[in-house]
Structures are given as C-alpha cells and as structure tokens.
Amino acid sequence: MNEQTQPATVRVFIALAPPDHAKEELARVLRPAYDTHPDMRWNRVEDWHITLAFLGELPAETVPLLRPALADLAGDHRPPRLALRGSGNFDDRVLWSGIDGDLEELYVLATAVRTAVRNCGVALEERPLRPHLTLARARRGDRSSIGEIAAGFAGFTGCRWAAERLHLVGSNAGRSSGPIHYRDIEAWTLGNGNGNGNGNGNGIGNGQRQGQQGTSGPTRG
C-alpha cells in the first residue's frame with residue numbers, strides 16, 4: 001500500500017492467535033455447522049484471534065508510535081499456555097468459543113498491553129477482558145441458528161498451546177458491505193527477552209495474518 005492509497009485512519013486491535021493445529025481442531029468440530037448453516041457469516045479460520053485491547057479507528061500516523069512499546073512489552077512477557085474450550089453467544093447474534101488455560105498470565109499480559117497503549121497517548125474504552133474467539137455472526141432476523149450451533153460444541157475442549165506472538169492487527173470493519181478481513185500490521189515474539197522497540201513485522205498494509213476468547217462469560221471484544 002503506497003502513500004497515495006493508505007487510508008487516513010486504521011481500525012486497530014492487539015491480539016493473540018491460536019496456532020494452526022488448534023484452529024483446525026475446532027474447525028473440524030464446526031464443519032457440520034458450516035454445511036447446515038451456510039447463511040451464517042462465518043469468520044475465516046485464518047482470522048481467528050483473541051482480542052487483548054481494541055483501539056478502534058486511529059489516525060494512520062499514530063500506529064507506528066505503538067511499535068516500540070509493544071515490542072518491549074512482548075519481549076518481557078512469557079507466552080501464556082491456552083486452550084479453546086466450550087461455546088456461547090452474544091444476544092443470539094455472535095457465536096464464540098471460550099478460552100481456558102493460563103488465564104492469570106493472559107490477564108497480566110492484557111493489562112500490560114492496555115497500559116502501554118494508554119502511555120502512548122491512545123485512549124481506550126474501559127471494558128473488562130473476558131477472552132473469547134469470535135467464530136460467526138447471524139444474519140439479521142435469524143434468532144435461532146447461533147444457539148443451535150453453540151449447543152453442538154458446548155463440550156469441546158481443545159489441546160493446550162503457547163500463544164507465541166503478540167499481534168498488532170488492522171481490519172476493514174465498517175469500510176464495506178463485504179466480509180471482515182484482518183491483516184497483521186506487525187507481530188512480536190513473546191518472551192524473547194529482546195524487547196528493543198524494533199519489532200519484526202512488515203508495516204501497515206504489508207503484513208499477513210499468522211496462522212490466530214473465555215469460559216468466564218465473555219463480553220464483546
């Protein structure tokens with residue numbers, strides 16, 4: 001994306017991502033629902049993520065200011081070991097899977113992320129972290145599909161995995177009527193002890209999603 005086409009604002013959040021094998025484990029369980037409920041707005045598996053902080057629409061020039069702080073933070077925090085578990089929904093409209101595992105470590109990391117963002121001068125809405133993985137959204141007027149699907153994998157418990165990277169993510173939400181797509185603006189390895197502010201991503205518009213919330217009753221995020 002060149003300077004002429006780069007948007008003036010970027011919709012941004014900071015997240016963790018399950019590894020491919022953990023996503024495939026849940027995707028196998030969901031495949032029957034893909035066939036029986038094709039009208040659901042299913043999120044792409046490669047876009048599955050656990051939001052730690054939602055920053056909303058930011059001026060494009062603000063985003064690079066976050067990189068040094070997030071790089072240093074990532075280097076200082078060990079990867080939490082997590083698992084996908086169970087199911088639920090928001091208002092019969094949004095389908096999610098929960099998160100289990102090192103939730104204390106996850107909350108500590110999320111708190112540090114939010115503090116770093118605020119220290120960079122970015123205001124955040126105060127909302128509690130109840131981690132979840134958003135899977136699908138129902139079409140307007142469909143009040144039954146989400147509950148049916150959630151009931152089908154309520155007992156799901158996936159394998160444990162380490163959340164190895166902290167992702168700064170941009171999305172096209174609200175920019176078109178098509179599906180929501182996400183892209184890595186940058187990502188940093190957790191716990192490498194080398195938080196030097198340089199990062200290892202590709203910059204706005206060039207990063208690709210890496211192969212990306214809780215049983216305590218999630219809220220939207």
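Guide: Here is a walk through some of the salt bridges, pair by pair. This is a predicted model, where local features need pLDDT of at least 70 and side-chain atom pairs count only at pLDDT 80 or more, while totals for chains, interfaces and linings use all residues. Residues are numbered from 1 along each chain as its sequence is written, and side-chain values use heavy atoms, with hydrogens and water left out. Side chains of opposite charge can pair when their charged atoms come close. A salt bridge here is a side-chain nitrogen of Lys or Arg within 4 Å of a carboxyl oxygen of Asp or Glu, and that rule gives a count of 11.

Let's start with Arg-11 and Glu-57, whose salt bridge spans 4.0 Å from N to O. This pair ties together distant parts of the chain: Arg-11 sits in strand S1 (residues 9-16) and Glu-57 in strand S3 (residues 50-59), 46 residues apart. Strands are DSSP runs of E with at least two residues, helices are runs of H or I with at least four, and both are numbered from the N terminus. Arg-11 is partly exposed, at 27% relative accessible area, and Glu-57 is partly exposed too, at 37%. Buried means under 20%, exposed over 50%, and partly exposed in between, using a 1.4 Å probe and protein chains only.

Now for helix H1 (residues 20-36), where Lys-23 and Asp-20 are 3 residues apart, so about one helical turn separates them. Their closest N and O atoms are 3.6 Å apart in a salt bridge, and Lys-23 is buried, at 2%. Also in H1, Glu-24 and Arg-28 lie 4 residues apart, about one turn. Salt bridges that share partners join Glu-24, Arg-28 and Arg-31 into one network.
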